[in-house]
Amino acid sequence: MQILSHFSSKATPSLLLPSLTSALTFRRRPPNFHFYPSSSFKFSSLACHLTSGRNSQPSPMDSPPPSPPEKPSVDSVTHDLRNQSLAADAPRARLKLEDLNWENSFVRELPGDPRTDTFPREVLHACFTVDDPQLVAWSESVAELLELDPQEFERPDFPLLFSGASPLVGSSPYAQCYGGHQFGMWAGQLGDGRAITLGEVLNSKSERWELQLKGAGKTPYSRFADGLAVLRSSIREFLCSEAMHSLGIPTTRALCLVTTGKLVTRDMFYDGNPKEEPGAIVCRVAPSFLRFGSYQIHASREKEDLAIVRTLADYAIRHHFPHIENMSRSESLSFNTGNEEHEVVDLTSNKYAAWVVEIAERTASLVAKWQGVGFTHGVLNTDNMSILGLTIDYGPFGFLDAFDPSYTPNTTDLPQRRYCFANQPDIGLWNIMQLTKTLSSAELINEKEANYAMERYGTKFMDDYQAIMTKKIGLPKYVKQLISKLLNNMAIDKVDYTNFFRLLSNFKADPSIPDEELLNPLKAVLLDIGQERKEAWISWVRIYIEELSASGIPDEERKASMNAVNPKYVLRNYLCQSAIDAAEQGDFGEVQRVLKVMERPFDEQPGMEKYARLPPAWAYRPGVCMLSCSS
């Protein structure tokens, strides 16, 4: 089934991608996809040049002649030698970096510049200017993962440590090398152009967490960019990372957000009008930031680099898929491929085949969750696909407001809309196909195993998506025609996706409700519809209520279960923008309030209803409802 088959019959033909059902009936060769191609910290050092040896530096010309030295006594020389010997023998205390006694008399005792930006200007009445990183917000739940004391966020040097201005003791910073397909075209080496991984932390449960600073400066992969990030995009990534986690969607996390005190130049709309924006850094956290492109880049270079594909696969399996490493043939994980020849794939005979199948299934499950909650990633390049099945790299993302299957939040994705909401399931499959090609070229899997991984993607996506949509409408079993008609009606009338499903739980399983009252629970979302459309909705609700009655589930029980899967609050783009506007004026309170609301998306949260409202008129201006990749 293709996801668009659920949606409006008015869907643009150009959006129709190959059906996911093709993934369920793979033969020997992957299908031809007809997508739309679009045309380490830098450390500096200071050298001290000293003169040494016999020729010492001459005295200044105006220095007075030295006085003749006094003749030392034998006793005084002996005393001095004894003291020197005792001093040499005395043990000296050794300090850890954390124990250094910082004095900072220069900045403490002398007048400083009241401004902290780095804009070129004449600085008056000051002996120095400092960068002033500030902590904007932090996540309690991520701190708990790392077993980090909340009081650490109150340390005066915390912003310095997490802006990259001061090194973290024990960290081993690096930037990862990877490549990727961008908008369907191979882009070669990409890599962490502005993300620097500090290292990995093991907590008491032996859980591995990588800490990564996004926007910390240039790396060898920065190309012609500055390696920095702006406050605008950093707030979006920080908030969405935590909002997605609270929605139950696998994602990278965000420990904290700090401003850098520096201005960064960005051309937000790529229209030749760059401007200065506040700089910021997000500390991202994940078990691993390995991507599909982490393997693609080495396979693309062939020859000896092909061995790196195997090495990197072994590393990932050892640290992140240990159950595959420990898998034995006695588990008998053998499956028919589903084709006419009934070929068998034995996953216990090749750990790499079992590994790529699990990646495919994790990816399918992730995309199904996106579709269920109405999330559009916006930039599903292969370098933005996690091997762990995590949502990664929050750029021009967007949650659906008015339901539109062709919605893309990314201005760069126009007009082809390759990464629009409806296309995400098929794009996920296309990306899995690129990963299987990479592993095949390194001779880690064969063609049959590659095809089976893609087949499993299709099956897993359909199973999970159908289960999610069934729960969203409160029924015990999947009713395809009912859900297809519902999504078609929503697309025609541009119904708000989040609010509609939340209100749907208010229906009673009572077939006796008269037509004039039938749509009352949906009044807030069925806006400005004519009589013809009203009749179409009444017809659908009648069938829906019949299904509710047949299920036998009590109304209150069904309402509670539906509200547990249909959020009241999602991170709409206009909520991000409100927080951004305030933060750019120095008020970080709205960032923290939005974070708190998004931590409990399924709760009513009395007093917070404004965060569930439909977007205001200003939210449709450029840079709010749709964004570029400029960040």
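Modeller: The protein exposes about 31200 Å², and 53% of that area is supplied by carbon and sulfur atoms. Areas of this kind come from the Shrake-Rupley method with a 1.4 Å probe, and for residues only the protein chains shown count as cover. This is a predicted model, in which local features need pLDDT of at least 70 and side-chain atom pairs count only at pLDDT 80 or more, while totals for chains, interfaces and linings use all residues. Residues are numbered from 1 along each chain as its sequence is written, and side-chain values use heavy atoms, with hydrogens and water left out.

Biologist: What share of the residues is buried, and what makes a residue count as such?

Modeller: Of the 631 residues in the protein, 50% are buried. The term requires under 20% relative accessible area; exposed means over 50%, and partly exposed lies in between (1.4 Å probe, protein chains only).

Biologist: Why does Ser-234 count as buried, and where is its place?

Modeller: Its relative accessibility is 3%, so Ser-234 falls under the limit and is buried. Ser-234 belongs to helix 5 (residues 231-246); a helix here is a DSSP run of H or I with at least four residues, a strand is a run of E with at least two, and both are numbered from the N terminus. Leaving aside residues up to four places away in sequence, Ser-234 touches Ala-229, Leu-257, Ala-280, Ile-281 and Val-282, where contact means heavy atoms within 4.5 Å.

Biologist: What makes the meeting of Glu-200 and Arg-208 a salt bridge?

Modeller: The term requires a side-chain nitrogen of Lys or Arg within 4 Å of a carboxyl oxygen of Asp or Glu. Glu-200 and Arg-208 have an N to O distance of 2.6 Å, and therefore qualify. Side chains of opposite charge can pair when their charged atoms come close. Glu-200, at 36% relative accessibility, is partly exposed, and Arg-208 is partly exposed at 22%.

Biologist: Which residue forms a salt bridge with Glu-604, and is Lys-568 buried or exposed?

Modeller: The partner of Glu-604 is Lys-568, with the closest N and O atoms 2.8 Å apart. This pair links distant parts of the chain, 36 residues apart: Glu-604 lies in the segment after helix 18 (589-598), and Lys-568 in the loop between helix 16 (555-563) and helix 17 (573-583). With a relative accessible area of 15%, Lys-568 is buried, whereas Glu-604, at 41%, is partly exposed.

Biologist: How many salt bridges does a search of the whole structure find?

Modeller: The search finds 29. One of them joins Asp-603 and Arg-600 at 3.1 Å, N to O. Elsewhere, salt bridges with shared partners connect Lys-214, Glu-237, Arg-284, Arg-291 and Asp-393 in one network.

Biologist: Why is the aromatic pair of Phe-153 and Phe-158 called tilted?

Modeller: Rings of Phe, Tyr and Trp (its six-membered ring) pair if their centres lie within 6.5 Å; planes under 30 degrees apart count as stacked, over 60 as edge-to-face and the rest as tilted. The centres of Phe-153 and Phe-158 are 4.8 Å apart and the planes make 45°, so the pair is tilted. Trp-537 and Trp-540, by contrast, form an edge-to-face pair, at 6.3 Å centre to centre and 75° between the planes.

Biologist: Where do Trp-537 and Trp-540 stand in helix 15?

Modeller: In helix 15 (residues 531-551) they are three residues apart, which means a separation of about one helical turn. Both Trp-537 and Trp-540 are buried. The buried residues of helix 15 pack against helix 12 (480-493), helix 13 (497-504), helix 14 (515-518) and helix 16.

Biologist: How do you know that helix 15 is close to the span expected?

Modeller: The expected span is 1.5 Å times one less than the number of residues. Helix 15 has 21 residues and reaches 30 Å from first C-alpha to last, close to the expected 30 Å.

Biologist: What makes Arg-236 a charge over the ring of Phe-397?

Modeller: The rule asks for NZ of Lys or CZ of Arg within 6 Å of the ring centre and within 35 degrees of the ring normal. The charged end of Arg-236 is 4.0 Å from the centre of the Phe-397 ring and sits over it. Arg-418 likewise lies over the face of Trp-430, 4.8 Å from the ring centre.
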